[in-house]
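Please look at the sequence and the structure below.

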Amino acid sequence: MNILFATSEAVPIAKTGGLADVAGALPKALNKLGADTRVVLPKYGTIPAALAGRFEQILHFDVYFGWRKEYCGLLRAELEGVTYYLIDNERYFKRHGLYGYEDDTERFVFFCFAVMEAVRYMDFHPDIVHCHDWQTALIPFMLRTRYALDPAWAYTKSVFTIHNLKYQGVLGIPELQDLLGVGDETFNFDSLEFYGAASCMKGGLVYADKITTVSGTYAEEIKTEYYGERLDSLLRYRAGDLVGIVNGIDAEAFDPLSDAALHTPYRDSLALKRENKLALQRELGLPQSAKTPLIGIVSRLVEQKGFELIMATFEELLQEDVQFVVLGAGDHRYEHFFNDKAYWHPDKVKVWIGYDDSLARRIYAGSDMFAMPSQFEPCGLSQLIALRYLSVPIVRETGGLKDTVQAYNEYTGEGNGFSFANYNAHDYMHTVRRALAFYRDEKSWNRIVSNASKEDYSWGRSAKAYISLYTELLANGKEQ
Ligand code: ADP
Ligand code: GLC
């Protein structure tokens, strides 16, 4: 089975969030099950030179879209058993960072067209093209329109995965019309039109053969108005083709026993984990104290992650014997808030604004608890990494957080974390206090940590679910 992943990020090449973890790990897991999964993404200027140097150029060609003619280089390398292709166009992709440019929609429309053309030169015929988030959502649309009768794509089925429904790639109708070179008929509500504008995301939601999202709970939530980001009626209409498959993590890449970033390797031992906590406190200039609970946060600093609740309760929680370590980048107001708190509470709060993979790992290892009270969370990988590093998650019961964290029940001894239901600051604060209380009770804490250590957070089961989905799609194709 040949599967082509089209994605805007993938570990180890480029990462801003969980999509990169998924697009890095899932292909490996699928290939272990016998598939040939390959990954195509843009050649960003930020790809480390050593990694970029491992790619060889296959060829270059022109991509025509709208009235444009753009250069496109196609490169290829095999990394850790997976074939990666890079789409090269320096005007669009040789920039700082991955996103956040005024012409982001144009950049990714180009990327979609480039993928459609590049397949001719890959020596690989995809049975399935698996697209991820709005940046690649126009591929299923193109497959049904301009490329419907193209032999390079004959019999290819499309899968579209929603990693985050909030980011949709919305732009004006004239702009998308100009980029795609299509007529007015494309901008109806049963195509790419979206409340008077145009939506890239709808290319995936309307035209993909199957839609998936990254947890069972989020698959249900997005069919409701509260979580549906104005696409809930379309998702209800396509409910028969929509499934939730929970993400896993790459258990080799996130293994505290072999993680080179850590001070002391460990797997199940809380005593060895404590060495990492003392080392983190020393590294960041916090008072070294094994008994003071240390709460970690590693996150994009955006509203989605529940920072309104964290901010509303921060001062009150600092009255307790507790330390906070925050690593993240994003909205200025959250960055400012945490910098301010670190300034006023140097013995209790440390903040690192930016993206740092190695520090993130030391925070997962050095923290006792991990706070993630998200407003919504399609899946969440941070809480899975935290669990793997025995940092007990404190989460809101939404999306994948609900599906992966079970609240501790002191009567049955079950549960691997702490959770609350409503998006409410006091509920969050009480839940943190509850976690702090159990932390002081060594017997309970050992139990919670032992529960966390026993579960399997790797890709195994979910990769099988994807294979079944692909198999079902291909079987349907043959009947027609
Ligand atoms: P999202 O994709 O919404 O950002 P996830 O929990 O799915 O959330 O994935 C986030 C991933 O990005 C995790 O691997 C997390 O450790 C990592 N991450 C987030 N912020 C940072 C940061 N500032 N530095 C290093 N890693 C980060
Ligand atoms: C998105 C979501 C996150 C999910 C990740 C990978 O970034 O916000 O919840 O884990 O994609 O699927």
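At what angle do helix H11 and H16 pack, and how far apart are their axes? Helix H11 (residues 307-317) and H16 pack at an angle of about 50°, and their axes are 9 Å apart. Helices (H or I, at least four residues) and strands (E, at least two) are DSSP runs, numbered from the N terminus. Axes are lines fitted to C-alpha atoms, for helices over the stretch in contact, and angles run from 0 to 180 degrees between N-to-C directions.

This is a predicted model, in which local features need pLDDT of at least 70 and side-chain atom pairs count only at pLDDT 80 or more, while totals for chains, interfaces and linings use all residues. Residues are numbered from 1 along each chain as its sequence is written, chains are lettered from A and ligands numbered from 1 in the order in which they are written, and side-chain values use heavy atoms, with hydrogens and water left out.

H11 and H16 are therefore oblique to each other; angles under 35 degrees count as roughly parallel, over 145 as roughly antiparallel, 65 to 115 as roughly perpendicular and the rest as oblique. The contact (heavy atoms within 4.5 Å) is made on the H11 side by Leu 309, Ile 310, Ala 312, Thr 313, Glu 316 and Leu 317. On the H16 side, Ala 425, Tyr 428, Met 429, Val 432 and Arg 433 take part.

H16 itself covers residues 425-440. Its 16 residues reach 23 Å from the first C-alpha to the last, close to the 22 Å expected at 1.5 Å a residue; the expected span is 1.5 Å times one less than the number of residues. Among the buried residues of H16 are Ala 425, Tyr 428, Met 429 and Val 432, which also belong to the contact with H11. Buried means under 20% relative accessible area, exposed over 50%, and partly exposed in between (1.4 Å probe, protein chains only).

H11 has another partner in helix H12 (residues 332-344): the two axes come within 11 Å and cross at roughly 20°. That makes H11 roughly parallel to H12. From H11, the contact includes Phe 307, Ile 310 and Phe 314, and from H12 it includes Tyr 334, Phe 337 and Lys 341.

Is helix H4 (residues 104-118) enclosed or open? Of its 15 residues, 15 are buried, so H4 is largely enclosed by the rest of the structure. The end C-alpha atoms of H4 are 20 Å apart, which agrees with the 21 Å that its residues should span.

Ser 367 sits in the loop between helix H13 (357-366) and strand E16 (369-372), and is buried, with a relative accessible area of 0%. Its side chain reaches the backbone oxygen of Ile 363 at 2.7 Å. Ser 158, in strand E7 (residues 157-162), is buried with a relative accessible area of 1%. Thr 46 lies in the loop between strand E2 (36-42) and helix H2 (49-52) and is partly exposed, at 38%. Thr 46 and Gly 97 are 51 residues apart in sequence, yet 6.4 Å apart in space, C-alpha to C-alpha.

Definitions and conventions
Polar contact = N/O pair within 3.5 Å; in protein donor to acceptor, adjacent residues only side chain to side chain.
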